[in-house]
Amino acid sequence: MVSMTNRRVFIAQSAAIGVAATVFRPVAGVARPAGTNGPSAGMAQTVLGAMDADRLGCTLPHEHIADGPYFQDKWPNGGRREFTNQAVAQLKTVRAAGIDTIVDLTPYDVGRDIRFLEEVSRRSGIPMIACTGQRFFPPQYAGVTMPSRTIEGLAEFFGKEISQGIDGTGIRAGVIKIGVVGKEPTELEITGLRAAVRTSRATGVPIRIHTHAVDRAADNLVAILDDEGMNPAKVSFDHSDDSGDLDYFLGLVRRGYSLGMDHVHRGLMPNAKLSFERRAECIARLVETGFAGNVFLSQDEELGGSLLPEDVKDFRSRLDPPDGLLFTTRKLIPRLRQAGVSGQDIRVMTVENPRRFFGVSQA
Ligand SMILES: [Zn+2]
């Protein structure tokens, strides 16, 4: 529901985005790797090939189907094959319930298995977008080689996964995922972020950032993004609903950034610092203020965890939402509708924003 006042805010904001779109052109000096085909404007890169972004439909922009080797090793009977069959069966029910596209934000350093993703996408009929990038958690523990990486070296690697393919397969990444774990980014995370921006500007592929929203961490990334000339319309700060601070949210969306609201289910956990209701209320307030165009809904589910036999489920899988990949449609959206969010604004968040965001922004 958008009041007249809010509509003016919305129109002003849309105009600002229009300006940003003309200012932020692809960088002239950054070339695509020679001999490769970069993505085309308006197309999203799925694991089954380029797809017109208009066809993405209702899209979950931040999920994890499986960090393959980890889950597959834990499946006691039937190994990879059985695990894959279970994932396909589960994904077919998700598709039947109205989810059209899933974005998997599992980069190589947390066990991305691109052939697994391709197979479950093809067999379930759900287009999926795979990511390049860095989560940057492992180097905290075994930081031997990673700190020596340069911005250029990482950008080259990210660019190769977008323009040529992942792990020698020709299956291309359609989004860049970057992890910034704490309040202030580490040197290594800054290197990764700058590399992500340079890759994004050269290829038109968007960036999603894992952020520690409780400490308003995205505020500490804006200067770096600005310094690199990043178009805010192609950046989403994910896990934002771990904060309940509307002032923090408004500061970011007014600059043109997007917020990934993908931990809403964690508000249902017994020891939750921020309730499900409060998280939903923040989303409703953002919509009411005219910023539906800057909000993404997802649930950061690790589908593989939910498929494991009880005796090998670990901590991470216990964070899964009660309805798995359907938590957003079954629980969150009805709650938002109750709070006065219109069907049109739900469509903006679930269909229009992903269409604009994942459609590559250059020819
Ligand atoms: Zn995630």
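This is a predicted model: local features need pLDDT of at least 70, side-chain atom pairs count only at pLDDT 80 or more; totals for chains, interfaces and linings use all residues.
Across the whole structure, the search finds eleven aromatic pairs. One of them joins F157 and F158, whose ring centres are 6.0 Å apart, with 55° between the planes, so the pair counts as tilted rather than stacked or edge-to-face. The two partners meet the surroundings in their own ways. F157 has a relative accessibility of 30% and is therefore classed as partly exposed, whereas F158, with a relative accessible area of 0%, is buried.

A tilted pair is also formed by F237 and Y257, with 5.0 Å from centre to centre and 50° between the planes. This pair links distant parts of the chain, as its members are 20 residues apart. F237 belongs to strand β8, which covers residues 235–238, while Y257 sits in the loop between α9 (246–254) and β9 (258–261). Both rings, F237 and Y257, belong to buried residues. Elsewhere, ring pairs connect five residues into a cluster, namely Y70, F71, W75, F83 and F116.

Aromatic rings also meet charged side chains. R208 is placed over the face of F296, at a distance of 4.2 Å from the ring centre.

The cysteines come next. A disulfide is a covalent bond between the sulfur atoms of two cysteines. How many disulfides does the model contain? With sulfur atoms required to lie within 2.5 Å of each other, the count comes to zero. Two cysteines can be described by their accessibility. C131 has a relative accessible area of 0% and so is buried. C282 has a value of 1%, which means that C282 is buried as well, given the limit of under 20%.

Attention now turns to empty space. Rolling a probe the size of a water molecule over the atoms shows where such space is left. The largest pocket found has a volume of about 840 Å³. Its lining is made up of 31 residues, and those nearest the centre of the pocket are H210, D242, H263, R266 and L319. What classes of residue line this pocket? The lining has eleven nonpolar residues, nine polar ones and eleven charged ones.

The backbone has points of interest too. D167 is not a glycine, yet its phi is positive, at about 50°. This aspartate lies in the loop between α6 (151–163) and β6 (175–179). Is D167 buried or exposed? At 53% relative accessibility, D167 counts as exposed, because the limit for that class is over 50%. R216, likewise a residue other than glycine, has a positive phi near 50°. The loop that holds R216 runs between β7 (207–210) and α8 (222–227). With a relative accessible area of 27%, R216 is partly exposed.

Finally, several contacts bring together residues that are separated along the chain. R149 is located in the loop between α5 (138–142) and α6, and its relative accessibility of 44% makes it partly exposed. Between R149 and L188 there are 39 residues of separation in sequence, while their C-alpha atoms are 8.2 Å apart.

Along the chain V120 and N85 are 35 residues apart, and in space their C-alpha atoms are separated by 8.2 Å.

A further example comes from helix α10, which spans residues 276–288 and includes V287. V287 is buried, with a relative accessible area of 2%. Its C-alpha atom is 7.1 Å from that of V341, although V287 and V341 are 54 residues apart along the chain.

How values were computed
Residues are numbered from 1 along each chain as its sequence is written. Side-chain values use heavy atoms; hydrogens and water are left out. Rings of Phe, Tyr and Trp (its six-membered ring) pair if their centres lie within 6.5 Å; planes under 30 degrees apart count as stacked, over 60 as edge-to-face and the rest as tilted. Buried means under 20% relative accessible area, exposed over 50%, partly exposed in between (1.4 Å probe, protein chains only). Helices (H or I, at least four residues) and strands (E, at least two) are DSSP runs, numbered from the N terminus. A charge sits over a ring if NZ of Lys or CZ of Arg is within 6 Å of the ring centre and within 35 degrees of the ring normal. On a 1 Å grid over the protein atoms alone, a cavity is a set of points where a 1.4 Å probe fits but cannot get out, and a pocket is an open set with protein on both sides within 12 Å along at least five of seven lines; lining residues have an atom within 4 Å of a point. Grid points are joined across faces, edges and corners, and a volume is the space filled by probe spheres set on the points. Ala, Val, Leu, Ile, Met, Phe, Trp, Tyr, Cys and Pro count as nonpolar, Asp, Glu, Lys and Arg as charged, and the others, Gly among them, as polar.
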